[in-house]
Amino acid sequence: MADRIFLSHPASLRHDTGPHPECAARMVAIEERLERDGWHGFERREAPRVDRALLERCHDPGHVAALERLCAAGGGHIDVDTFASAGSWEAALRAAGGAVAAADALARGEVEFAFAAGRPPGHHATRTRAMGFCLFNNVALAALHAQSVHGLERVLIFDWDVHHGNGTNDLFHDTDAVLYVSIHESPLYPGTGPASDRGSGAGEGYTMNLPVPAGSGDEAFLRLVAERVVPAARDYAPQLILISAGYDAHAEDPLANCTMSSAGYGRMTAAMRRLAGELGAPLGVVLEGGYALDALADSVAATLAALSADQDA
Ligand SMILES: [Zn+2]
């Protein structure tokens with residue numbers, strides 16, 4: 001049995017956003033590239049639908065029902081840049097379900113590494129609303145499942161998408177059960193995530209926002225991982241590590257202004273893999289953004305390669 005799994009579902013292609021950077025061609029580019037690479041030893045699995053009760057615990061049931069109705073009616077705009085089509089309901093259930101299934105396999109010790117490649121992405125989705133191309137918060141649902149079904153008390157979510165994951169930040173703002181760490185370009189959409197936002201109540205100190213200026217690249221991101229993310233994770237001792245993996249800090253990405261390389265994503269993954277090994281925690285990667293198709297495919301491939309290489313390679 002493979003110790004690494006890749007979860008996706010063809011329904012992700014039916015989330016039809018029209019002429020939009022968050023498009024089905026992203027998934028095609030990723031899967032064509034990985035097919036050529038032999039999937040880096042990852043076993044492919046079909047992403048299941050997310051459990052409705054879990055969905056309604058993470059999100060306001062009214063938000064869930066409104067999205068279901070909108071898709072059943074053929075879809076439409078939710079905000080200026082967030083769109084749902086008739087096929088988006090199934091795509092969103094599978095994107096969330098893939099992330100949850102990844103966390104499930106990791107938490108039960110069945111696999112060491114998992115990559116959940118769904119769309120729409122999730123980290124901007126709040127408890128009550130879809131925004132920023134995101135309908136349901138896939139990575140948050142994965143963390144909640146690990147807590148509620150597997151009893152995990154500490155989950156690290158490291159969000160390296162170039163945008164701040166405001167939805168994830170807010171969902172776990174007042175709890176110490178999730179350490180949320182984000183590196184993001186600032187100023188940039190959605191405008192949240194100053195370093196001064198460190199959580200609230202019992203969650204004070206369990207949110208770590210690391211904004212970086214436009215132009216930041218591999219060295220800036222890798223330095224923050226080494227100097228901030230890894231030490232904070234060691235102190236926290238997570239039982240599960242989830243990466244909210246957007247690839248839009250890439251130099252070629254049209255929606256942001258950072259200068260990461262595909263190899264840099266591989267190095268960042270390798271650093272997180274070493275951390276996971278040191279802490280004895282399984283590692284799951286959940287796809288978020290990334291809009292330059294070749295750069296996205298290369299960077300996802302670099303991530304999988306880093307999780308399949310010999311440990312000290
Ligand atoms: Zn993004």
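Trainee: What order do the strands of the open sheet come in?

Mentor: The 8 strands run β2-β1-β5-β10-β9-β6-β7-β8, with parallel pairing. Strands here are DSSP E runs of at least two residues, helices are H or I runs of at least four, and both are numbered from the N terminus. Two strands pair if DSSP finds at least two bridges between them.

Trainee: Which are the edge strands?

Mentor: β2 (43-46) and β8 (207-212), each of which pairs on one side only. β8 is joined to β7 (residues 178-185) by 6 bridges, and the two run parallel. One of the bridge pairs is Val181 with Met208 in β8.

Trainee: Before I go on, where does the model come from?

Mentor: This is a predicted model, so local features need pLDDT of at least 70 and side-chain atom pairs count only at pLDDT 80 or more, while totals for chains, interfaces and linings use all residues. Residues are numbered from 1 along each chain as its sequence is written, and side-chain values use heavy atoms, with hydrogens and water left out.

Trainee: Okay, the metal. Which residues are the protein donors of the zinc ion?

Mentor: Asp161 gives two OD atoms, His163 gives ND1 and Asp248 gives an OD, at 2.0 to 2.7 Å from the zinc ion. Donors are N, O and S atoms within 2.8 Å of the metal (3.2 Å for Na, K and Ca); water is not among the atoms, so sites may look incomplete.

Trainee: And how are those donor residues spaced in sequence?

Mentor: As D-x1-H-x84-D. Asp161 sits in the loop between β6 (155-159) and α6 (166-171), and Asp248 in the loop between β9 (240-245) and α8 (262-279), so the pair ties together parts 87 residues apart in sequence.

Trainee: Are those two Asp residues buried or exposed?

Mentor: Asp161 is buried, at 1% relative accessible area, and Asp248 is buried too, at 0%. Buried means under 20% relative accessible area, exposed over 50% and partly exposed in between (1.4 Å probe, protein chains only).

Trainee: Switching topic: how many disulfides?

Mentor: The count is 0, where a disulfide is a pair of cysteine sulfur atoms within 2.5 Å. For Cys23 the closest cysteine sulfur is in Cys134, 15 Å away, which is too far for a bond. Cys71 is in no disulfide either, as its nearest cysteine sulfur, that of Cys134, is 14 Å away.

Trainee: Last one: how many residues of α5 are buried?

Mentor: 10 of the 13, so α5 is largely enclosed by the rest of the structure. Among them are Asn138, Leu141 and His145.
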